[in-house]
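Please consider the following model together with its sequence.

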Amino acid sequence: MKKKPLKIVVAFPAPVSDNRFFFGELWKGYRDFKKEMQFYNCQVIEAPYDYDGINSFAVNMRSIFRQCEGKLDGVICGGKLLEEDILAADSLARSGIPLVLVSENAEKLEYLCSIQSDHERDGRMAAELLEAQIPKNSQILVIAGDILLPSNRKNLSGFESYMKEAGGNHPIIKIYGHEALDGVQDRILDVLKNNPDAKGMYSVSARGSLFLAKAAEELGLKGEIRIIGSDINPESAFYLKEGIIHFIIDKQPRHQVQVGMNRLLAYLVQRKEPLIKDEELTSIIICRSNIDKYMK
């Protein structure tokens with residue numbers, strides 16, 4: 001007998017404005033995987049969301065849940081979930097709908113599994129690369145991202161712990177924020193103009209990496225300051241090829257989505273429980289000599 005199609009919701013932040021970098025890659029990963037889903041009888045509902053309160057994750061999920069009369073088989077989502085979003089996700093779990101988290105996990109929330117990078121290790125990798133390239137006692141500017149995101153906090157923690165262990169005595173200047181509206185670009189310029197001993201920069205996020213690259217370009221610091229960025233995209237690839245960004249720690253968001261979709265479908269089709277609830281994938285280091293491979 002032909003079974004009814006599986007109804008699966010895919011919900012990531014809409015890939016617009018500053019969200020187009022990392023979350024754009026999540027959507028690309030999902031669409032690449034979708035081409036291979038022809039063997040599954042699936043009805044996929046795409047639900048891009050934002051944080052304006054009108055098209056939030058919570059609002060969208062409540063609307064979809066009503067329209068489908070509660071008959072959903074699974075949800076895969078990524079990005080930062082606010083308090084209202086977590087309550088909405090929790091109501092899905094209580095209804096028996098499996099939830100897969102990508103790029104982040106969330107405390108006090110039941111979910112089938114989470115797929116993300118090893119954030120603390122990402123920070124340590126970046127610190128090791130940077131520490132080997134800059135003079136001892138020189139300052140480091142770090143774009144620490146969104147303090148509400150566990151991934152950003154863990155990344156920064158890994159970076160700082162490695163630097164402390166390495167003993168290079170690098171004072172770290174931290175700038176929090178992740179959007180143009182936060183004034184991150186102006187704050188970076190101010191730090192660089194007033195701290196000539198800053199010889200290294202790192203961003204825990206994709207968008208922050210571009211702020212750093214643009215500031216270095218504007219001040220003519222190419223070759224004078226080393227930059228480690230996060231996550232490959234067309235913009236960061238340009239700065240890497242230009243020699244303004246020197247290495248990129250790529251968390252492989254496309255791969256994260258594909259692993260998450262595999263875990264969800266294995267559960268729905270075969271009732272196969274994930275072996276690891278919180279699965280951490282290994283990030284890769286991208287430089288000019290291998291960038292063409294990864295941009296393909």
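Which residues of helix 4 are buried? Helices (H or I, at least four residues) and strands (E, at least two) are taken here as DSSP runs, numbered from the N terminus, and buried means under 20% relative accessible area, exposed over 50% and partly exposed in between, with a 1.4 Å probe and protein chains only. By that rule His119, Asp122, Gly123, Met125, Ala126, Ala127, Leu129, Leu130 and Glu131 are the buried residues of helix 4. This is a predicted model, in which local features need pLDDT of at least 70 and side-chain atom pairs count only at pLDDT 80 or more, while totals for chains, interfaces and linings use all residues. Residues are numbered from 1 along each chain as its sequence is written, and side-chain values use heavy atoms, with hydrogens and water left out.

The length of helix 4 can also be checked. The expected span of a helix is 1.5 Å times one less than its number of residues. For the 13 residues of helix 4 (residues 119-131) this gives 18 Å, which agrees with the 18 Å between its end C-alpha atoms.

The next element to follow is an open sheet of 6 strands, with parallel pairing and the order 2-1-3-4-5-11; two strands are said to pair if DSSP finds at least two bridges between them. Strand 2 (42-46) and strand 11 (278-281) stand at the edges, and each has a single partner strand, so one side of each is left without a neighbour in the sheet. From one strand to the next, the twist averages 15 degrees. Within this sheet, strand 1 (residues 6-11) runs parallel to strand 3 (residues 74-78) and is joined to it by 4 bridges. Val9 has Val75 of strand 3 opposite it. Helix 2 (residues 57-67) packs on the sheet and touches strand 1, strand 2 and strand 3, where contact means heavy atoms within 4.5 Å. The direction of helix 2 makes about 165 degrees with that of strand 1; axes are lines fitted to C-alpha atoms, for helices over the stretch in contact, and angles run from 0 to 180 degrees between N-to-C directions.

Strand 8 (residues 198-203) is mostly covered, with 5 of its 6 residues buried.

Charged pairs come next. Side chains of opposite charge can pair when their charged atoms come close. With a salt bridge defined as a side-chain nitrogen of Lys or Arg within 4 Å of a carboxyl oxygen of Asp or Glu, the count comes to 16 salt bridges. One of them joins the side chains of Glu25 and Lys28 (3.3 Å, N to O). Both residues lie in helix 1 (residues 22-34), 3 residues apart, about one turn of the helix. Glu25 is buried, because its relative accessible area is 8%, whereas Lys28, at 37%, is partly exposed.

Another salt bridge links the side chains of Glu165 and Arg124 (2.8 Å, N to O). This pair connects distant parts of the chain, with Glu165 in helix 5 (residues 150-166) and Arg124 in helix 4, 41 residues apart. Glu165 is exposed at 56% relative accessible area, and Arg124 is partly exposed at 25%.

The side chains of Glu279 and Arg263 also meet in a salt bridge (2.9 Å, N to O). Glu279 belongs to strand 11 and Arg263 to helix 9 (residues 253-270), so the pair ties together parts that are 16 residues apart in sequence. Glu279 is buried, with 12% relative accessible area, while Arg263 is partly exposed, with 28%. Salt bridges that share partners also join Glu25, Lys28, Asp32, Lys35 and Arg254 into one network.

Finally, where does His246 lie? His246 is in the loop between helix 8 (234-241) and strand 10 (247-250), and it counts as buried because its relative accessibility is 12%. The side chain of His246 makes a polar contact with that of Arg226 (3.2 Å), a polar contact being a pair of N or O atoms within 3.5 Å; within protein, one must be able to donate a hydrogen and the other to accept it, and residues adjacent in sequence count only if both atoms are side-chain atoms. A polar atom of the His246 side chain also lies 3.4 Å from the backbone oxygen of Gly243. Leaving aside neighbours within four places in sequence, His246 is in contact with Gln133, Ile225, Arg226, Ile227, Leu240 and Cys287.
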